[in-house]
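Me: Before I use this model, I would like to go through a few of its assignments and hear the grounds for each.

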Amino acid sequence: MTKSVPQAASYTSCVGTISSLSDVDAAVQCTTVNVYGFTVPAGQTFSLDLLRGSTVNILGDFQFGNKSWSGPFFKIIGEDITFNGNGHLWDGGGSFYWDGLGGSGGLNKPSPMMQILITGTMSGVHVINSPERCFSINSFGQLVLSDIIVDDSQGALPNTNSKGLPAGRNTDGFDVSGNDIVIKNSTVINQDDCLAINKGKNIVFEDNYCEGGHGISIGSISSNVVVENVIIQGNIVVDSANGFRIKTKKAAINSSVSNITYSANTARNCTNYGVLVTQSYPESTGTPGNGVTISDIRFNQGTTDVSVASNADMVVLDCGEGSCYGSWDFSGLTTSGGKVGQITNNPHVTGYPQ
């Protein structure tokens, strides 16, 4: 059964205009909504609850007042939505919030910055300086995101509160919990996962560029969730801690990750792992749990080339006893530059002569 998202009850083909939060209620009664840039007051969410079939045109840049709170800065709800960002900036003001701690302490940070609960399309959104996680995508219908930019590059620098560490932390680009989602032709420069799929089916991540963070991830997987039918293809990962990860929580139960295909990706200068599958999360390796099954993980249908730093592991598979099974065809994976990693409790890998 397809889960529908809330929407307004009436329909009209008028054109609504927004240049402040006070304009929103009237504007969303129209199916075309033109939004001019403004500063959203501190501690308030710019929320659009749209009519089915609406088109949103962004016609200016956005800033958000500084305040320690949980957010989000922006929330959008609706079915069959066309969202045209037109390249305008959404500035999260990260320098006010960044303290090297992310969600683990310090100032309470708006997270996510952008909460997406729509079906349809979203394109041309340019976010800079997100306080913590940027996009949270919770769609349960067809959604295509394209030409999105998340630029948290300034978070890589230390500040007076981060004690010499990068000030930005937990600045995930795309956190996905939904079905039938495509993210393509987008760029993420950050200090955490470029993509983190927490649950969902039929997800495609293609032709994207990831720099400076933790790479492309499935997980971390908690209890009672399913991730299946995921395609990761044509992406470039540069100067990141990892290339490609699947991470399931050690204590998680009754969950599964299956039918994940990596095709024609490139990862360069991974500093920790090229490919990591771990069931010991939050540790990278250790004593893995087996309450989550992981099956049919493939690097094929096009060469995925991974290079790592000299002290990094090229491939590590840290499986719980009996929990990794099925086809693990790694015939399209090439690795170079680092150490040979350990494969634990997984005799199913073929095509990769580590």
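Me: Which residue is the bridge partner of F135 in β14?
Reply: In this predicted model, F135 has F174 as its bridge partner in β14.

Me: What makes β11 and β14 a pair of strands?
Reply: Two strands pair if at least two bridges are found between them; strand β11 (residues 135–137) is joined to β14 by three bridges, so the pair meets that cut-off, and the two strands run parallel.

Me: Which way do the residues of β14 point, and are they buried or exposed?
Reply: From strand β14 (residues 174–177), F174 and V176 point one way while D175 and S177 point the other way, and all are buried.

Me: Why is D99 called buried?
Reply: D99, in the loop between α2 (94–97) and β9 (114–123), has a relative accessibility of 9%; buried means under 20%, so D99 counts as buried.

Me: What makes the approach of the side chains of D99 and K109 a polar contact?
Reply: The cut-off is a pair of N or O atoms within 3.5 Å, and the contact between these two side chains is at 3.3 Å. A polar atom of the D99 side chain also lies 3.0 Å from the backbone nitrogen of L101.

Definitions and conventions: Residues numbered from 1 in each chain as written. Predicted model: local features only at pLDDT ≥ 70, side-chain atom pairs only at ≥ 80, totals over all residues. Heavy atoms only, no water. Buried < 20%, exposed > 50% of the residue type's maximum accessible area, 1.4 Å probe, protein only. Helix = DSSP H or I, 4+ residues; strand = E, 2+ residues; numbered from the N terminus. Polar contact = N/O pair within 3.5 Å; in protein donor to acceptor, adjacent residues only side chain to side chain.
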